[in-house]
Amino acid sequence: MRLCGTCALLGLLFWTLFDSSACLQAVIRPDKGTTVTVSTELPLDQCSVCTVSGVNDTQTSCLSSQSLVPEVEIKLLFNCSQPIEQAYTVVIARTIECTKDACSPATEKPQPSILTEFTRTFTWEVKAPEKILVSLDILGPGLMEMSQPCPNGIQYLVATSKTNDKGRIQYCEGGSVTRFDLLNEAVVSLQVKPKAQVDSVLFQASAGPLKGRKMDITVNSSTTVVITRNPKEPECEVCSMDGSTPNCSPTEKTLTNVEKLSLEFSCLKPQDVYTVMIKKKIECTKTSCSPAAGAVDPDLFKDFKRSLKWDISVPERTVLTLDFPGGLNEMSGANNCQDGHEYSVSTTKSDGEIKTKSYCKGGTVSKLDLLGATIVNVEVPKGGELDSTAFSVKAAPRGGRMMSVTPDPDTIILIQREPGEPDCSVCENVAPKQKCNPRRLELKDPTNTSVEFTCPRPQDVFSVNINRDIDCRETTCSGNIVQVESSLFPDFNRTFTWYLTADPTRTFQLDFPESGMRQIPSTETCPDGHSYTLSIYVRSGPQNIGTFCKGGTVTTILGLYRGSMSLKVPGDRKLDPVDFKLTVGPETTMVAIVKVNLPRGVSETDFITANYPGDFPDDQQTQWDFTVPGMHNYSMHFLDHTAPECLNKEVEVEYHQNGKKVTKLTLTDPQPKHQQGNFNMVLKNCKTNRTLQGLALKYKVSVMRSGHPVLCTVDLTKHQGVSLQIEKVGSDPYCEMSIDSEVKEKINVAAGTKASLSFLDCPNEDLRLTASKVIGCQNLASCSPTLLTVPKLDSCLRMPLHSFTWHIRISQDRTVDLMSPTGSLRQSLPGQECNHSLSLHVVEGDGSPIGDFCFDGSIEKVQVHANVSVTATTQNFHKRKAFLNVSFTQEIPETIIYRVSPKMSSPSLLATPNWPQGMNPPSTVSWIVTLPSQYQALMQFVNISQPKCKDRHTSIKVKMLGQEEEIMSRREDEQAEDKLLVPHSFYLNMSNCIPDEGQFGAVIKITLQKKTNLLAILLGIAGALLLLLIVLAVVCIVTKKKKKDRMNKESSIYIGKGNIFRPGDMHFTKSRSDNESHVYDSIDETMVYGHLLGDSSSYADSMQDHFKGIQVDSYQTFTGPVDGGLPVIKEPDHEPEMDHFTTFLDPSETFIPSRPRTPIDRQDSLGFQDRRMVDNELYTFKSTGDMNPIRLSGVDMEPQPPISEESL
């Protein structure tokens, strides 16, 4: 074999068939007795196997499959468009011919080198006479049974025949199997992958008579063993050697009462061909059974599939009790037991009916009480393990069941035996007055009555009817439909019936709870087993208005005159009734009125007429009142109906709506479609020919919404990093939201996208709109300070914004600084809660809460060394332009740092993050508290919780800023002070450990207190006393000087117009030394400042008389001539005494200036001085009203030194 170098020549012959690909040429000569078949499954135009012959290999014959003749050399050409290793398969078939004692060939030698490039399958078919066993001894490595492909590419397959793949077994090399025992037509295959090496000698074959399996069997007289061959399996005889000649059967053999009987099968594996049935009998009296247990030999036919059957006979009125060790589990449906062990228990009743239940091993059912003859079957798989005792059996006289029953007033209890149940009587009272009845018992007296059943499980035999009469002929009914009898016969099949009676023209009204009722056909049952049936009595007899289940659209039913309401509950269900409300209804001519509340949204509800599919009563009418939700359309669909033959009148369907004309239709007319509003439908029947089919109707009411969706297109491309979320929070299940035409329970609009939203029947208050924005700080360029603001969202979003979240993302070497844009922050804590108008919920990037904040507090800044999310919640986002100011700084060693400036007006409360829960382990938080000058802080730990640490310790440290010394340092195992007085700005640090249990958290209260300085107080008092002494000294000196100056000075007055008088003029009649005119009794300042009064004449008139015309030293108004020149005054030669008077003031400085002049200094200040009055005798202190506080020191005005990070 070689790859075609000469394919170029041969390929010319096939160029019309192939495009070229792989080409292989080989010369093959199969051995004698060997058939080689080479084939491909690909089409001939893609791959072929060609034989090459003729002079110079010029003749070719190409097929998809070639069978080679043994001992004939042939040249093959493989030409394929696919890889040839995968395109071709080679089957090398041989036959092993055997006689009774030999095989040919005795040693199997395959051709290991033939076509090794392909997948090869070597097959050996065994031919041997009947009942001759052929053994193939494997000469190579042993084999092992395997279900997976062999790893070395060499795989053996053994089958009983070519046509039977059921018993095929796969083997791989590397095990202990060294022989195959085969019969006629058995096939051994060896599959070899391409280029895998095959040994030159594989088997050594031998033949001999078939010796089947032998076993010795012992079966007692109460046991029968039936061995049966499966007809689908190969033939195999079973022979018993009970005499000189064997007794053989090819299909079945029955054994009983034998001891060590020798059985021989004519096949190698009879367990694959035969099944074994082991039958036993157990006979019981009224008190015992023999044998008392279902004994079994676990090893008898253990490797066969076995069926064990116990037939247990019991006398009448005997209870059979079976105890199963390990318990059983009852099977439901057609399920199979996992381990293959299946139990079935069949009991035959007295009427011949067989009741069977199936079980699996392992469960809670350990005891079965049975009545009548019983058969127990146990199915055991091949090789299944069995206990020596399958069950134990006991017999006892059939016991009864006794109970005490007290009927309610106006109640009748009827106990009836179900047809076909085994014999069992029900008895009233006890002996000797006991009365028994095998069929029924009726109890009427509302007294305690003993009821006894003669069978242990009467609930399987009897059913109970509990009937009650209710009178509704007055304004109210005499009772209500309440199942107070729930304690009676709880495990029996029960039927509660209430017989209702009203006036002949009136109705009784049944109002169902809010969940309503659903009508079903009378042949169906409700899922919870509770079926309600309403019947109305008319002249023709009781009419079944309908059968109903819990949960539906029917809310009220009105019945005319007389009727009954019944409830059926099976014995295996706990009574869970519907609480009806029974009242007297209005007058009507309808046999029944059914009120229906159709649901919102899309729905279809079925209804049927009375007695459906039977006949609706003659000359009667029924009404359905439908309540249709707003913005919904309804359509009527008649699904099935039968029309009667009317003797008078016609069948009509009427539709009534408020304000509209009555619509009358027939059963075949088109019914209303796509209508709105509440409506009534009345079905009227005629008088019918009762020999024919009567009126029956089944119809459907379909409802769909008629509202229009609210559409909104959201464009988030103009808001960088902003995303929206909308979710339903209301209870209306019919609100429908969609995004891009896809209905969603929650809508997410991703950042930077556009979306088309639709809202159908969704009130704004039932929707919650939230938004979020991502703010990134991954490099210096993107880390500029920013304000947290809420962008204006699309106006088509009509629901209010519930909250807005900013997700702030930073790198590991950055810190997020959060500050109020208008003031400070306050953490919401007990005692300083934030109101509901605004809340800022701050969490770390991993979801760990930091706290809830609002404005107007003592926190100036919050620094977080992590990603942060801030969620703002407020009633109106449009009223606030910005929520927080965010900046980015270098990383901090702590997780969180608060910068706090306590207020003097009220204490400040501070708390660890996530209060009242604990801090994250092992995180660190710090507070930098800045105090105003002259104030100190009282720090109190209002609430503190310490954990039990698993690793590290918690830490609370306090130290003043700028100082290294700690004024407090405590761990979790140390008692911390409740209060601490800190004189200056300080630093508070808390660190968490890794807790084993508990959590670390604290609330701190900081109160500012004014500092008290005793030295300053003493110095102030001394200074005040010294100042007082100085003032007194000055007052004394000034007073003394005034007295001296008064005796030597004269007043000088300057008048702008008129005569000038000087002190030297002697115009007084007396000299100053002779009179007392210079002595002032009083000085009227209004005279001195008279020019300021305006109208001087009014002032002169108001003067006292004793001041007129008297020479006194006072200022008077000049009344002389003013038009003439000034008089000439001769000045005396001597100089005046300068020590006794002061020169005249400059005209610009007089008290009568030509124009006002405002001094520069504040006149209302104690520091202001009018220099015109300094040397004047009238100069004195000036009062300016109340004294203003004067700052005596400028210390308070000095700014606080900035706090640097290094000082911490």
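**Exercise 1. Which residue meets lysine 684 in a salt bridge, and how far is it from N to O?**

Before you start: this is a predicted model, where local features need pLDDT of at least 70 and side-chain atom pairs count only at pLDDT 80 or more, while totals for chains, interfaces and linings use all residues. Residues are numbered from 1 along each chain as its sequence is written, and side-chain values use heavy atoms, with hydrogens and water left out.

*Solution.* 

Step 1. Get the rule: a salt bridge is a side-chain nitrogen of Lys or Arg within 4 Å of a carboxyl oxygen of Asp or Glu.

Step 2. Apply it: the side chain of lysine 684 meets that of glutamate 654, at 2.9 Å from N to O.

Step 3. Strands here are DSSP runs of E with at least two residues, and helices are runs of H or I with at least four, both numbered from the N terminus.

Step 4. Check the cover. Buried means under 20% relative accessible area, exposed over 50%, and partly exposed in between (1.4 Å probe, protein chains only). Glutamate 654 has 5%, so it's buried, while lysine 684, at 27%, counts as partly exposed.

**Exercise 2. Which strands pair with S11, and in which sense?**

*Solution.* 

Step 1. Two strands pair if DSSP finds at least two bridges between them.

Step 2. S8 and S11 run parallel, joined by nine bridges. Threonine 89, for instance, has threonine 119 in S11 as its bridge partner.

Step 3. S11 and strand S17 (residues 187-192) run antiparallel, with six bridges. Here threonine 123 stands opposite serine 189 in S17.

Step 4. Look at the cover of S11 (residues 119-127): seven of its nine residues are buried.

**Exercise 3. In what order do the four strands of the open sheet with S75 and S81 come, and why is one side of S75 and of S81 left without a neighbour?**

*Solution.* 

Step 1. The order is S75-S84-S77-S81, with antiparallel pairing.

Step 2. S75 (908-911) and S81 (979-982) stand at the edges with a single partner strand each, so one side of each has no neighbour in the sheet.

Step 3. From one strand to the next, the twist averages 25 degrees. (Axes are lines fitted to C-alpha atoms, for helices over the stretch in contact, and angles run from 0 to 180 degrees between N-to-C directions.)

Step 4. Zoom in on S77 (residues 935-945): four bridges pair it with S81, and leucine 938 stands opposite leucine 981 in S81.

**Exercise 4. Which residues touch the most other members of the largest nonpolar core?**

*Solution.* 

Step 1. A nonpolar core is a set of buried Ala, Val, Leu, Ile, Met, Phe, Trp, Tyr and Cys residues joined through side-chain atoms within 4.5 Å.

Step 2. This core has 78 residues, and those touching the most others are Leu757, Leu797, Leu818, Tyr898, Trp927, Phe986 and Met990.

Step 3. At least three of its residues come from each of domain 4 (709-889) and domain 5 (893-1013); the bounds come from an automatic or database domain assignment.

Step 4. Pick tyrosine 898. Beyond four places in sequence, its contacts (heavy atoms within 4.5 Å) include Ile850, Phe853, Pro913 and Trp927.
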